[in-house]
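This briefing walks through a few helices and a few residues, one topic at a time. Please keep the sequence and the three-dimensional view open while reading, and find each residue as it is named.

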Amino acid sequence: ALLLAALSLFAIIVLLRRQIQLKARFRDLALKDELTGAPNRRAIMASATQLIAAPGPGCALALLDLDHFKLVNDSWGHDAGDEVLRCFYRTAREALRNGDLLGRTGGEEWLLLLPDFTEGGAERAFQRIRRALQAQPIPGVAADYRIRFSMGLAVIHKGENLGEAMHRADLALYRAKGQGRDRVVAA
């Protein structure tokens, strides 16, 4: 009877550990982009909502879009496109300051949160990411290919809602693309 009780207790412990691991995995799937490991749309939008709700001085958000990404998939295949997305996130994250948050909102589109934004800070962030990407060879694509991106920035105004700030950043992103891409434009 004692052996049976010990085995039952052991089985319960194993099942509980497995349950905890599954919960952690489901949480990760709910909040992380499976391909890149970046915060997914749900997670980055929740962070943006928190930032907007209590903006400090100089809070900003930016929409980023990889330039001519379709060309990567069309020229070298979707596996190469996946590698470009992973490389972009890994490199951009390393180039950003502590406290800045980058998440994938879909396809080749990203949302960057800059909670301690200063004048010129977006241009510096853009240039840090850009320089880091220029040094990154990407497996599966032509040796001379480098990731380029456009960025639309919106400083968050007190009392503004997330939709308004995102709309202004989106318009700025379209202007960046219209001005030749591979640049940052402020709303």
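In this structure, which is a predicted model, helices α3 and α4 are oblique to each other, because the angle at which they pack is about 140 degrees and angles count as roughly antiparallel only over 145. The axes of α3 and α4 lie 6 Å apart.

**Helices α3 and α4**

- On the side of α3 the contact is made by Phe-69, Val-72, Asn-73 and Trp-76, while α4 contributes His-78, Ala-80, Gly-81, Val-84 and Leu-85.
- Sorted by class, the residues in this contact of α3 with α4 comprise 6 nonpolar and 3 polar ones, with no charged residue among them.

**Helices α4 and α5**

- Helix α4, which covers residues 78–95, also packs with helix α5, which covers residues 121–134, and here the angle is about 130 degrees and the axes are 9 Å apart.
- With that angle, α4 is oblique to α5, and the crossing of the two helices is right-handed.
- The residues that make the contact are Cys-87, Phe-88, Thr-91, Ala-92 and Ala-95 from α4, together with Arg-128, Ile-129, Ala-132 and Leu-133 from α5.
- By class, the contact of α4 with α5 is made up of 7 nonpolar residues, 1 polar residue and 1 charged residue.

- Asp-65 belongs to strand β1, and it counts as buried because its relative accessibility is 9%, where the limit for buried is under 20%.
- The side chain of Asp-65 forms a polar contact with the side chain of Lys-177, at 2.8 Å.
- When residues up to four places away in sequence are not counted, Asp-65 touches Glu-108, Glu-109, Arg-148, Phe-149, Ser-150, Leu-173 and Lys-177.
- Asp-67 sits in the loop between β1 (60–66) and α3 (69–76), and with a relative accessible area of 6% it is buried.
- The side chain of Asp-67 makes a polar contact with the side chain of Ser-150, at 2.7 Å.
- Beyond its neighbours within four places in sequence, Asp-67 is in contact with several residues, including Arg-148, Phe-149, Lys-177 and Arg-181.

**Cys-59**

- Cys-59 lies in the loop between α2 (41–53) and β1, and its relative accessibility of 2% means that it counts as buried.
- Among the residues that Cys-59 touches, leaving out those up to four places away in sequence, are Leu-51, Leu-114, Pro-115 and Phe-117.
- Although Cys-59 and Gly-37 are 22 residues apart along the chain, their C-alpha atoms are separated by 25 Å.

**Arg-183**

- Between Arg-183 and Gly-152, which are 31 residues apart in sequence, the C-alpha to C-alpha distance is 8.6 Å.

Technical notes:
Residues are numbered from 1 along each chain as its sequence is written. This is a predicted model: local features need pLDDT of at least 70, side-chain atom pairs count only at pLDDT 80 or more; totals for chains, interfaces and linings use all residues. Side-chain values use heavy atoms; hydrogens and water are left out. Helices (H or I, at least four residues) and strands (E, at least two) are DSSP runs, numbered from the N terminus. Buried means under 20% relative accessible area, exposed over 50%, partly exposed in between (1.4 Å probe, protein chains only). A polar contact is a pair of N or O atoms within 3.5 Å; within protein, one must be able to donate a hydrogen and the other to accept it, and residues adjacent in sequence count only if both atoms are side-chain atoms. Contact means heavy atoms within 4.5 Å. Axes are lines fitted to C-alpha atoms, for helices over the stretch in contact, and angles run from 0 to 180 degrees between N-to-C directions. Angles under 35 degrees count as roughly parallel, over 145 as roughly antiparallel, 65 to 115 as roughly perpendicular and the rest as oblique. A crossing is left-handed if the near helix is turned anticlockwise from the far one by less than a right angle, and right-handed if clockwise. Ala, Val, Leu, Ile, Met, Phe, Trp, Tyr, Cys and Pro count as nonpolar, Asp, Glu, Lys and Arg as charged, and the others, Gly among them, as polar.
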